[in-house]
Amino acid sequence: MHIFANPARFLSIARPATPWLFWTGLVVLLAGCACGLFLTPADYLQGDSVRILYVHVPAAWLGMGGWSGIAIAAIMQMVWRHPLAAIAGRAIAVPGALFTAICLASGSIWGRPTWGTWWEWDGRMTSMLVLLFLYIGYIALARASAASGQSGGVSRVTAIFALVGAVNLPIINRSVVWWNSLHQGPSITMRGSTIDMAILWPLGLTLLGFTFWFAAIVLMRMRAILAETKVEARMQRMARDAAVGERVPA
């Protein structure tokens with residue numbers, strides 16, 4: 001990963017990759033959603049409400065995947081002091097929080113006709129809500145770090161917070177196994193899927209499309225943060241030069 005330590009080298013790859021990921025992801029996820037809405041049958045128990053899974057599952061995947069990315073960035077920042085690690089963590093936080101919120105909202109909409117309630121304080125839903133709060137806390141810490149002049153806007157304390165918050169990820173993953181609740185058990189595992197293939201196949205498209213879209217958003221945010229950092233450094237340099245010029249006698 002140190003091959004991307006040079007911001008110019010990173011930008012030379014990120015600039016052409018961003019539109020490719022964005023538009024490819026948009027086309028694939030729209031195709032997946034269209035197939036899920038119009039080509040797949042309704043579930044024999046849940047009816048048409050099962051179609052929410054084409055948004056709900058990718059949102060859950062990216063909410064958890066986003067925090068995994070932040071934790072990896074925190075390790076790279078603390079252990080290898082990678083110059084772009086802090087910027088990557090900060091760039092992932094907002095889209096990660098957004099997809100976590102979409103997961104909770106879509107799950108609540110799904111739960112109302114399926115379970116008869118908008119919300120249930122079970123292990124899966126509560127741990128996902130905790131993940132959203134962790135994202136909000138991370139974003140607040142990152143902004144405070146940026147205001148204090150930290151490189152990339154992520155302090156060591158913020159990185160430690162990211163690593164501690166990663167403890168919640170296996171809790172989310174195993175919650176439906178550890179605790180009995182309204183939430184269904186694991187539908188897709190290494191051994192296969194309990195979802196009928198007639199309903200399942202568009203999910204691969206939406207998962208891939210949303211993942212590409214997420215990656216494009218992260219790259220756009222990293223590019224914006226790098227540009228902002230460059231402008232701030234230039235302004236500070238100009239201010240120092242102006243101060244030196246004022247001290248030099250005419």
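Begin with the transmembrane annotation: in an unreviewed entry, UniProt lists residues 20-39, 59-80, 92-111, 123-141, 153-172 and 199-220 under "transmembrane region". The UniProt positions follow the numbering used here, feature names are shortened, and such annotations may be inferred rather than shown by experiment. The model is predicted: local features need pLDDT of at least 70, side-chain atom pairs count only at pLDDT 80 or more, and totals for chains, interfaces and linings use all residues. Residues are numbered from 1 along each chain as its sequence is written, and side-chain values use heavy atoms, with hydrogens and water left out.

**The whole chain**

Show the chain as a cartoon. The protein has 7 helices and 2 strands. Helices (H or I, at least four residues) and strands (E, at least two) are DSSP runs, numbered from the N terminus. From the N terminus on, the order is α-α-α-α-α-α-β-β-α. Of the 250 residues, 40% count as buried. Here buried means under 20% relative accessible area, exposed means over 50%, and partly exposed lies in between (1.4 Å probe, protein chains only).

**Two of the annotated segments**

Select residues 123-141. This stretch is 100% helix and 0% strand, and its end C-alpha atoms are 27 Å apart. Then select residues 199-220. Here too the chain is 100% helix and 0% strand, with the end C-alpha atoms 33 Å apart.

Go to Ala 142, in helix H4, which covers residues 123-147. Is Ala 142 buried or exposed? Ala 142 counts as buried because its relative accessible area is 3%.

Next, select Thr 158, which belongs to helix H5 (residues 156-165). Its relative accessibility is 1%, so Thr 158 is buried. Show the side chain of Ser 145 as well. A polar contact of 3.2 Å links this side chain to that of Thr 158. A polar contact is a pair of N or O atoms within 3.5 Å; within protein, one must be able to donate a hydrogen and the other to accept it, and residues adjacent in sequence count only if both atoms are side-chain atoms.

**Thr 206 and Leu 29**

Move on to Thr 206 in helix H7. With a relative accessible area of 0%, Thr 206 is buried. Which distance separates Thr 206 and Leu 29 in space, C-alpha to C-alpha? It is 4.4 Å, although Thr 206 and Leu 29 are 177 residues apart in sequence.

**A nonpolar patch**

Switch to a surface view and select Leu 37, Phe 38, Leu 39, Met 197, Trp 201 and Leu 205. Together these residues make a nonpolar surface patch of about 670 Å². Patches are made of residues with over 30% relative accessible area and no salt bridge; like charges are joined within 9 Å, and nonpolar side chains (Val, Leu, Ile, Met, Phe, Trp, Tyr) within 5 Å. Accessible areas come from the Shrake-Rupley method with a 1.4 Å probe, and for residues only the protein chains shown count as cover.

Helix H1 (7-38) and helix H7 (197-247) each supply at least two residues of the patch. The largest share, 3 residues, comes from H7. Leu 37 sits in helix H1.

**Arg 51 and its partners**

Select Arg 51, in the loop between H1 and H2. Arg 51 counts as buried because its relative accessibility is 15%. Which side chain meets that of Arg 51 in a salt bridge? The partner is Asp 48, at 2.9 Å from N to O. A salt bridge is a side-chain nitrogen of Lys or Arg within 4 Å of a carboxyl oxygen of Asp or Glu, and by this rule the count comes to 1 salt bridge. Show the backbone of Gly 36 too: its oxygen lies 2.7 Å from a polar atom of the Arg 51 side chain.

**Arg 81**

Now find Arg 81, in the loop between helix H2 (53-80) and helix H3 (85-115). Arg 81 has a positive phi of about 50° although it is not a glycine. Its relative accessibility is 64%, so Arg 81 counts as exposed.

**The cysteines**

Finish with the cysteines. How many disulfides are counted? With a disulfide taken as a pair of cysteine sulfur atoms within 2.5 Å, the count comes to 0. Cys 35 is in no disulfide, and the nearest cysteine sulfur, that of Cys 33, is 9.4 Å away. Cys 35 is buried, at 16% relative accessibility. Cys 103 is also buried, with a relative accessible area of 5%.
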